[in-house]
Amino acid sequence: MIGRKFFILTLISAFNPFMANGQKRKKKNLIVHHTLFWLKDPKSVKDKNKLIENLRTLEKIEYHRTLIGVPLSNVEYETTDSSYDVSLVTYFDNADGRIEYQNNRAHKAFIEKCAGLWEKTISYDTICEIQ
């Protein structure tokens, strides 16, 4: 539970434009890697839970932060694609962290272990300026 609280506080502080003393933070770049997964059997709760459980193993990789989720079931917008089954948002302080993550042994093991669960994945990489 402490790990989760620390993660939430870290997330809040990462996006807070002011430091504790009221001075504005310097702007910096953040690399966001967003992957969407479509399961081979989207009705299988077992497969979805297995994918999410294995995505959590990626949280131990250094130099990044991870958010794992599923589409909102009760919200439909014309411009929103909710056809995926599981979402992974990973963000890094720099491009080197993104490369290290991609080549990390735990990331490769995750793909090897879970690739049979999904029909398709799509990833989006974005560089964002934050304060």
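User: What should I keep in mind about numbering and confidence before reading on?

Analyst: Residues are numbered from 1 along each chain as its sequence is written, and side-chain values use heavy atoms, with hydrogens and water left out. Because this is a predicted model, local features need pLDDT of at least 70 and side-chain atom pairs count only at pLDDT 80 or more, while totals for chains, interfaces and linings use all residues.

User: Why is Cys114 called buried?

Analyst: Buried means under 20% relative accessible area, exposed means over 50%, and partly exposed lies in between (1.4 Å probe, protein chains only). Cys114 has 0% relative accessibility and therefore counts as buried, whereas Cys128, at 27%, counts as partly exposed.

User: How many disulfides are there, and by what rule?

Analyst: A disulfide is a pair of cysteine sulfur atoms within 2.5 Å, and by this rule the count comes to zero.

User: What makes β2 and β4 edge strands?

Analyst: Strands here are DSSP runs of E with at least two residues, and helices are runs of H or I with at least four, both numbered from the N terminus; two strands pair if DSSP finds at least two bridges between them. Four strands form an open, antiparallel sheet in the order β2-β3-β1-β4. In this sheet β2 (65-69) and β4 (118-130) each pair on one side only, and so they are the edge strands.

User: How do you know that β1 and β4 pair?

Analyst: The requirement is at least two bridges, and strand β1 (residues 28-39) and β4 are joined in the antiparallel sense over 12 bridges, so the two strands count as paired. Leu36, for instance, has Ile122 in β4 as its bridge partner. Helix α3 (residues 95-103) packs on the sheet and touches β1, β3 (86-92) and β4, where contact means heavy atoms within 4.5 Å. The direction of α3 makes about 130° with that of β3, with axes fitted as lines to C-alpha atoms, for helices over the stretch in contact, and angles running from 0 to 180 degrees between N-to-C directions.

User: Which residues does Thr121 touch, and where is Thr121 placed?

Analyst: Thr121 lies in strand β4 and, leaving aside residues up to four places away in sequence, touches Thr35, Leu36, Phe37 and Trp38. The C-alpha atoms of Thr121 and Leu36 are separated by 5.5 Å, although the two residues are 85 apart along the chain. Thr121 has a relative accessible area of 34%, and so is partly exposed.

User: Why is the pair of Asp93 and Lys28 called a salt bridge?

Analyst: A salt bridge is a side-chain nitrogen of Lys or Arg within 4 Å of a carboxyl oxygen of Asp or Glu. The closest N and O atoms of Asp93 and Lys28 are 3.5 Å apart, so the pair qualifies. This pair links distant parts of the chain, with Asp93 in the loop between β3 and α3 and Lys28 in strand β1, 65 residues apart.

User: What makes Lys28, Arg65 and Asp93 one network?

Analyst: Asp93 also forms a salt bridge with Arg65, at 3.0 Å between the closest N and O atoms. Salt bridges that share partners join Lys28, Arg65 and Asp93 into one network. Arg65 is buried because its relative accessible area is 18%, while Asp93, at 39%, is partly exposed. The whole structure holds four salt bridges, among them the one between Arg56 and Glu59 at 3.6 Å, N to O.
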